[in-house]
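This report goes through a single protein chain part by part. The sequence and the structure come first, and the description follows.

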Amino acid sequence: MGGVFGVVSKKDCVQEVFYGTDYHSHLGTRRGGLSFHNDEGFTRSIHNIENDYFRSKFEPDLKKLHGSKGIGVISDTDSQPLIIASHLGTFAIVTVGRINNIDALRERALKKKLHFAENSGTGASPTEMVAMLICEENSFEKGIEKALEWIEGSCSLLLLTEKGLFAARDRLGRTPLVIGKGEDAYAVTSETCAFPNLGFEVDHFLGPGEITFLDAEGWEQLRAAGDRMQICTFLWVYYGYPASDYEGINVESVRNRCGAALARQDDVSIDFVGGIPDSGIGHALGYTNQRKIPYLRPFVKYTPTWPRSFMPQFQQQRNLVAKMKLIPVKALIEGKRLLFCEDSIVRGTQLQDNVQNLYDCGALEVHMRVACPTLIHPCEFINFSTSRSTLDLAGRKAIKEVEGEEDRNLNLYAQAGSEQNLAMVDRIRLRLRLTSLKYQRLEDLVDAVGLPKEKLCTHCWDGSSYS
Ligand code: SF4
């Protein structure tokens, strides 16, 4: 997915932008980038972060960077920031999202005799495409407005000029952007967990399609938020950071409420509850507190070296990481009936190994409770994860097994408790060798988040589509 961070300050802000961007490392795996504006103009630094941490890659660059305005990005797509010289003035730009109509926009640009500097061979760079749309208008404000309107999919962006920082959230607010206020500085972030340790406090949650301009003295709204919102519900379930808030709603609190909702639907006899680190833990704590059953850690993560499981780009490497980073604690597992909470089941391959590990350590029963409904539709809006193609989803594989062919009766499978839904869940249970498996009901997930359903994107689960 990716994340962005920017600061405008009365003093040098390289440290703030560096650490603020680093706090988005859980959102992307491919590229990191920083850009600053100072008296000599714009500087930038970009690194591949597929094999090493953002911090390790950028630390050597810090002594060369300076400026009182800066932006940073963790990107799962193109190399960013781009620095563009245009009739509007020179600017640096970073984006997050997914442009579904990029080929049509590219063709349109080429017909107008425009050209692209950044072309990887797989097509135009999404960030350059956004910059090109912006530069077709007579002001940054109008250009950003046009880009947000023309892009199908989603695009949130930060655009740095010599005067300050434009921040714009995607048209339907699928990805968040939040303004923070610090001492003599303002910041914008995708993840609010970047604020507390850098001395910022949340000042304003941008609404869908809202455009703002920030300088060191304050910020102003250039375009009001739209009425329609489709923020990604999966932010709270899985890939958002526990200390972050979106729309004023904290991630860890939602995970606790998800676990509690699962517990209210459950009366299975077990000895203890565990969570698959990291994101399953918040859900498991909610479950265990609701049912007053002990919480233990039958798996511990080898934190000195292993980051999150979807860091590597290739599945084989991901499987290896998933296996090596979790160490089972046999003393807790042997002879016990365990229940695990998980944020979601995507393919289920890693989970299959985890469950086998538990039986190898002598578990008597392994029950699984999943914090969201069965994933049956891949994400079409935010570049969530390259590994989530339709046929890879455990839910879709199970449907194919039940139906004998693909893509039938998906709505019936999405309905919790329907005959089709129960058959699909049982196929997944059998494949994972679980004693029992239950998924969250969509209405309980929506309640746990606390926003009206029509403001949430729930496409992963029910295929609803709002563009
Ligand atoms: S489809 Fe799923 S991952 Fe994509 S924006 Fe919607 S809820 Fe989020």
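## Helix 14

On one side of helix 14, E419, L422 and L430 are exposed. The model is predicted, and in it helix 14 runs over residues 419-432. Its 14 residues reach 20 Å from the first C-alpha to the last, close to the 20 Å expected at 1.5 Å a residue.

The buried residues of helix 14 are N421, M424, V425, I428 and L432. Viewed down the axis of helix 14, these buried residues fall within an arc of 95°, so they line one face of the helix. An α-helix has 3.6 residues a turn, so residues three or four places apart point the same way. The buried residues of helix 14 pack against helix 11 (349-360), helix 12 (394-403), helix 13 (410-414) and strand 22 (436-439). Just after helix 14, R433 has a positive phi of about 60°.

## Two domains

The domain assignment divides the chain into domain 1 (3-228) and domain 2 (249-462). Between the C-alpha centres of domain 1 and domain 2 the distance is 33 Å. Their contact takes 17 residues from domain 1 and 13 residues from domain 2.

About 1,300 Å² is buried between domain 1 and domain 2, with 50% of it on carbon and sulfur atoms. Of the area that domain 1 buries against domain 2, 40% is supplied by T29, R98 and R174, more than by any other three residues. How many salt bridges does the rule find across the interface of domain 1 and domain 2? The count there is 0.

## The loop at H26

H26 sits in the loop between helix 1 (14-22) and strand 2 (31-38). Is H26 buried or exposed? Its relative accessibility is 7%, so H26 counts as buried, the cut-off for buried being under 20%. In sequence H26 and G2 are 24 residues apart, and in space their C-alpha atoms are 8.4 Å apart.

## Salt bridges

The count of salt bridges comes to 22. One of them joins E50 and R31, whose closest N and O atoms are 3.8 Å apart. E50 lies in the loop between strand 3 (41-48) and helix 2 (54-58), while R31 lies in strand 2, so the pair ties together parts that are 19 residues apart in sequence. With 31% relative accessibility E50 counts as partly exposed, whereas R31, at 17%, counts as buried.

Another salt bridge is formed by K112 and E136, with 3.4 Å between the closest N and O atoms. K112 is in the loop between helix 3 (102-111) and helix 4 (126-135), and E136 is in the loop between helix 4 and helix 5 (140-150), so this pair ties together parts that are 24 residues apart in sequence. K112 is partly exposed, with a relative accessible area of 44%, and E136 is partly exposed as well, at 23%.

The side chains of D444 and R441 also meet in a salt bridge, at 3.0 Å from N to O. D444 is buried, with a relative accessible area of 10%, whereas R441 counts as partly exposed at 31% relative accessibility. Elsewhere, salt bridges with shared partners join R108, K112, E136, E137 and K146 into one network.

How values were computed:
Residues are numbered from 1 along each chain as its sequence is written. This is a predicted model: local features need pLDDT of at least 70, side-chain atom pairs count only at pLDDT 80 or more; totals for chains, interfaces and linings use all residues. Side-chain values use heavy atoms; hydrogens and water are left out. Helices (H or I, at least four residues) and strands (E, at least two) are DSSP runs, numbered from the N terminus. The expected span of a helix is 1.5 Å times one less than its number of residues. Buried means under 20% relative accessible area, exposed over 50%, partly exposed in between (1.4 Å probe, protein chains only). The arc is that of the directions from the helix axis to the C-beta atoms. Contact means heavy atoms within 4.5 Å. Domain bounds come from an automatic or database domain assignment. Buried area is the accessible area (1.4 Å probe) that two parts lose on being put together, summed over both. A salt bridge is a side-chain nitrogen of Lys or Arg within 4 Å of a carboxyl oxygen of Asp or Glu.
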